[in-house]
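Subject: Structure handover

Hello,

My notes on what was found in it come after.

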Amino acid sequence: MSEDMKLDLSLEQMIEHIRWDEAGLVPAIIQDGVTKQVLMMAYMNRESMRLTLESGETWFWSRSRQELWHKGATSGNIQSVVSLAYDCDGDTLLVQVKPKGPACHTGETSCFYNEITVDGQPSLSGIEDTMALSDRFAVIAELEEIIAKREVERPEGAYTTYLFDKGVDKILKKVGEEASETIIAAKNCDNDELRLEVSDLIYHLLVLLQERKLPLDDVLDELSRRHERPRRD
């Protein structure tokens, strides 16, 4: 049996584990693989699930247009698949992804941005909600999402909008300035100033990554690969 035939058989076996509804569809919950934020819900049929597994990017079935759609095909906001699982009943999919931009057509990071209070208590949102995940680096992932949103929406008067409007040369200049100020703060043994300058440097580096469309996850993957390399000493 050829490798292609083995792959087709494997896909068919996975697909047959799913309990498709009468229309041949199954709901798919899309979740950010890093922040664990729920981004959207859409439907898959057998063909879109096959395309998702084969391409490594999310494909869905549009019930309104009655056609397949590749997430990000027109907007550029594709979702690279990290993992795909189905629940105990086989009637819901959970797809963890690395998003390349906002999931919602409104420009919001997540489609679930309309909050409802519970017992009169406002729910946590934004950075507070992300930090509640007990991830000490979650604020960086949240900041990355906010910067991506700023690039799309370009709110007037926002400093991040100013940087994106001025372009990569301005962003690079700011990265250089913040790096120099970080060095000066460290040389002066001023940890209070160092804390501020390092924060500014990290922010401008994230803006640079967004401008160049290089996901922070790719940088983290590179660090992981370096960590796994054998020491030469």
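Lys174 counts as buried, at 15% relative accessibility. Buried here means under 20% relative accessible area, exposed means over 50%, and partly exposed is in between (1.4 Å probe, protein chains only). The side chain of Lys174 meets that of Glu177 in a salt bridge of 3.1 Å, N to O. A salt bridge is taken as a side-chain nitrogen of Lys or Arg within 4 Å of a carboxyl oxygen of Asp or Glu. Both residues lie in helix H6, 3 residues apart, about one turn of the helix. Glu177 is partly exposed at 30% relative accessibility. A network of salt bridges links Lys174, Glu177 and Glu178.

Two notes on provenance. This is a predicted model, in which local features need pLDDT of at least 70 and side-chain atom pairs count only at pLDDT 80 or more, while totals for chains, interfaces and linings use all residues. Residues are numbered from 1 along each chain as its sequence is written, and side-chain values use heavy atoms, with hydrogens and water left out.

Overall layout

The protein has 8 helices and 6 strands. Helices (H or I, at least four residues) and strands (E, at least two) are DSSP runs, numbered from the N terminus. Along the sequence the pattern reads α-β-β-α-β-β-β-β-α-α-α-α-α-α. Of the 233 residues in the protein, 33% are buried.

Other salt bridges

The whole structure contains 9 salt bridges. One of them joins the side chains of Lys149 and Glu108 at 2.9 Å, N to O. This pair links distant parts of the chain, with Lys149 in helix H4 and Glu108 in the loop between S6 and H3, 41 residues apart. Lys149 is buried, with a relative accessible area of 19%.

Asp192 forms a salt bridge with Arg195, and the closest N and O atoms are 3.2 Å apart. Both lie in helix H7, 3 residues apart, about one turn of the helix. Asp192 is exposed, at 51% relative accessible area.

Aromatic pairs

Rings of Phe, Tyr and Trp (its six-membered ring) pair if their centres lie within 6.5 Å; planes under 30 degrees apart count as stacked, over 60 as edge-to-face and the rest as tilted. By this rule there are 3 aromatic pairs. Phe60 and Trp69 form a tilted pair, because their ring centres are 5.0 Å apart and their planes are at 45°. Phe60 is buried, with a relative accessible area of 0%, whereas Trp69 is partly exposed at 24%.

Tyr159 and Tyr162 form a stacked pair, 6.0 Å centre to centre with 25° between the planes. The two are 3 residues apart in helix H5 (residues 159-166), so about one helical turn separates them. Tyr159 is partly exposed at 36% relative accessible area, and Tyr162 is partly exposed at 35%. Together with Tyr203, Tyr159 and Tyr162 form one aromatic cluster.

Surface patches

Patches are made of residues with over 30% relative accessible area and no salt bridge, where like charges are joined within 9 Å and nonpolar side chains (Val, Leu, Ile, Met, Phe, Trp, Tyr) within 5 Å. Glu181, Asp190, Glu193 and Asp200 form a negative surface patch. Asp190 sits in the loop between helix H6 (168-187) and helix H7 (191-211), and is partly exposed, with a relative accessible area of 33%.

A nonpolar surface patch is formed by Leu214, Val219, Leu220 and Leu223, with about 300 Å² of accessible area together. Accessible areas come from the Shrake-Rupley method with a 1.4 Å probe, and for residues only the protein chains shown count as cover. Leu214 is in the loop between H7 and helix H8 (216-228) and is partly exposed at 38% relative accessible area.

Most residues other than glycine have a negative phi. Lys213, in the loop between H7 and H8, has a positive phi of about 60° although it is not a glycine. Arg154 also belongs here, with a positive phi near 50° in a residue other than glycine. Arg154 is found in the loop between helix H4 (138-153) and H5, and is partly exposed at 34% relative accessible area.

Lys213 and Lys100 are 113 residues apart in sequence and 7.8 Å apart in space, C-alpha to C-alpha. Lys100 lies in the loop between strand S6 (93-99) and helix H3 (126-131), and counts as partly exposed at 30% relative accessibility.

Regards

Methods. Lys, Arg positive; Asp, Glu negative; His and termini not counted. Charge placed at Lys NZ, Arg CZ, Asp CG, Glu CD.
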